[in-house]
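I opened my notebook to record what I looked up, one entry at a time. The sequence and the model come before the entries.

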Amino acid sequence: MTKVPDSICMLGHGPAVADFALRRILRSKECDGSVVILDYQGRGAAILHESNAGNLPRRPLHWFDMADRVRPVSLFHLRHSDHFASVAGRLLVNLRNILPSRIADSTLQWAVQAALQLSKEGTVGLGAMLKTASDPAARRWFLDTQTDPEDLGRLLQLLHWALRFPAAYSASEGNNRADLAQNLKVPSTTWIEMPIEHFERSEHRIVSLLVEAALEDTLHGISAENNPAGKPKAMPKILHLFPPYPVSLNGTGWIAGTARVARHVAVHAFDPRRPLNTAASAWAGGAEQVWIVGGSRNLSSEIHGKWLIPEEVERIRSMDRRCAYIRGNTGSMGAVTRIADSAVSPPESHRIRTRAAAKRRPIPLRQMGSASGASLRGVIPGENLYGTLSSRESLRNGWFKVHATARRSSHGIDNITTVMFEEKLEEELGRLSDDLRSRSYRCRPLKSMVIPKPDGGHRRLGIACIRDRVVMSACLLLLDPVFDPTFSHFSFGFRPHRNAHQALAVTRSFIATGAMWAVTADIRKCFDCIDHDVLMNFVAKRIGDPAVLDLIRHWLIVDVLDFGDIIPTEVGVPQGEAMSPLLANIYLDPLDKHFERLGLHFVRYADD
């Protein structure tokens, strides 16, 4: 097996070997370039002390806690490059293996190519990959080039599943965007902490993969910028503190792929009475050097005879804790060297917490967010929404909403008032349910009505029949929880528990923080000018049920009855329908997000 050049695997008692590694890496003689500490389990942070911090306080320090959900850090945003396909492809393969999923390699390659094209317009994260694969045009491209149409659904499910983990979403889409490339260009220390007890099992693995992919992308990019012909002048050092997952140290892995531009050092806990775990075994066999820190009289040649020869076992048994055995991975004997004694140990609170956690059982669920969503019967994009909408229970909920908001005498072109509908409620709900299930439901034309506006103008409304309002309200109750959480925090128009007074309060907060100018703007004839095709593309990115999409489009083009004339609807969303405010917010949300990306202070609200 080919060894990873310039790599070291350090083994020993957990706190002692971590303390030794930190002292070696962070001392001034070793810190001629940038240092990245991948603290996979948060154990390095627990034993960080002034005795092993070296020149950490005297150099630029970038500390990222990947478990921080209040101030989340985004590290994973791939740039367009020659190595984009290999980094993104390796990540998707690993995600597929974690789930696991039956997604074909060709589908993952298609996803990588789609993301590669997108990267020409900017950086790409998991969210961008999901949006690209969900786009109707991308779906048509997939169906034209791939053999299994269902594989696209599996790919979307995989990306949805990964992004449902809060820490994974933060690492890819967090609002505090970190630039690893900028950090590594100058002598500095970047500490990436991933305290394992603060993550779900799969969540921690996914976050680790995102961090590694971001680092691999950065190292390749820095290599090309610093010295296209070879190594950078000062190679970054990557310290892997207690990586818990197996790695590939051959030519196909990211560590071997970046060994030309960075020096990798891995630290693993070593119990002389137990075999090495899979991750430690891979490093011990693939690193160019192996350092065993501290002696052990209990070292078993039977257990560790696969990677240590009998003479080495005897030498390690005879060492004390102030010694380290260093050997090259070439089969030759190594040498014993003296090291400073380690007096650092984890704080008492850490030991108590660890002992207490060991007595509790780990949760058997793969993802708590999905489990809670299923228990609450939440709506998931792509689920059979139409079947849920067609049920009497959903339609009854829609009726409750109509009954609470409509006047008793309100009616559409059929002259059926709210009171009349209520008198035959069960019969009407049953008929609507049957029509929906048989796909024979048709919305009746809207009744045109003109009402005065506060500024002296007039607004034309389209009043639907009570039966149609019931179906629309039932659909709104299903779709609102899907879309509303994704809307901008600065959008206050036609949203549950939000109003213009709150928008005014946010505006006042902008003024209080120093804003000097304000620009007011009105979206003229907002509802009347909405393009149906553009709107449906936005809706389709979140809703995967074709029957629901057809129903929404049917409502968009329903005719309007105006003084006996039937007027077709070709553009716009009828004001007065239950679904119209939600559809308008879906249409305007990209504008809100554009303002956010520009860093503008704004609020959007409805003035009536």
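Which exposed residues does the face of α14 turned away from its buried side carry? I found P310 and S318 there, where exposed means over 50% relative accessible area, buried under 20% and partly exposed in between, with a 1.4 Å probe and protein chains only.

Before going further I noted that this is a predicted model, in which local features need pLDDT of at least 70 and side-chain atom pairs count only at pLDDT 80 or more, while totals for chains, interfaces and linings use all residues. I also noted that residues are numbered from 1 along each chain as its sequence is written, and that side-chain values use heavy atoms, with hydrogens and water left out.

**Entry on α14.** I located helix α14 at residues 310-318, and its buried residues are E312, V313 and I316. Down the axis of α14 these buried residues fall within an arc of 100 degrees, so they line one face of the helix; the arc is taken from the directions that run from the helix axis to the C-beta atoms. I recalled that an α-helix has 3.6 residues a turn, so residues three or four places apart point the same way. Among the elements covering the buried residues of α14 I listed β9 (287-293), α13 (301-304) and β10 (323-328), with contact meaning heavy atoms within 4.5 Å. Helices (H or I, at least four residues) and strands (E, at least two) are DSSP runs, numbered from the N terminus.

**Entry on E203.** I found E203 in helix α10, residues 201-226, and E203 is buried, with a relative accessible area of 0%. A polar atom of the E203 side chain lies 3.0 Å from the backbone nitrogen of E200. Leaving aside neighbours within four places in sequence, I saw E203 in contact with R69, F165, P166, A167 and A168.

**Entry on two helix pairs.** I looked up helix α20 (residues 425-437) and helix α21 (residues 466-483), whose axes come within 11 Å and cross at roughly 65 degrees; axes are lines fitted to C-alpha atoms, for helices over the stretch in contact, and angles run from 0 to 180 degrees between N-to-C directions. From α20 the contact uses L429, L432, D435 and L436, and from α21 it uses R467, V470 and V471. I then turned to helix α4 (residues 105-119) and helix α7 (residues 150-163), which pack at an angle of about 65 degrees with their axes 10 Å apart. Their contact is made by T107, L108, W110 and A111 of α4 together with D151, L152 and L155 of α7.

**Entry on the backbone.** I reminded myself that most residues other than glycine have a negative phi, and most peptide bonds are trans. The peptide bond from L99 to P100 is cis, with omega near -20 degrees, and P100 lies in the loop between α3 (84-98) and α4. R439, a residue other than glycine, has a positive phi near 60 degrees; I placed R439 in the loop between α20 and β12 (446-452), and at 52% relative accessibility R439 counts as exposed. K525 is not a glycine either, and its phi is positive at about 50 degrees; K525 lies in the loop between α22 (500-512) and α23 (532-540).

**Entry on V534.** I found V534 in helix α23, where V534 counts as partly exposed at 32% relative accessibility. The C-alpha atoms of V534 and G572 are separated by 11 Å, and these residues are 38 residues apart along the chain.

Key: Polar contact = N/O pair within 3.5 Å; in protein donor to acceptor, adjacent residues only side chain to side chain.
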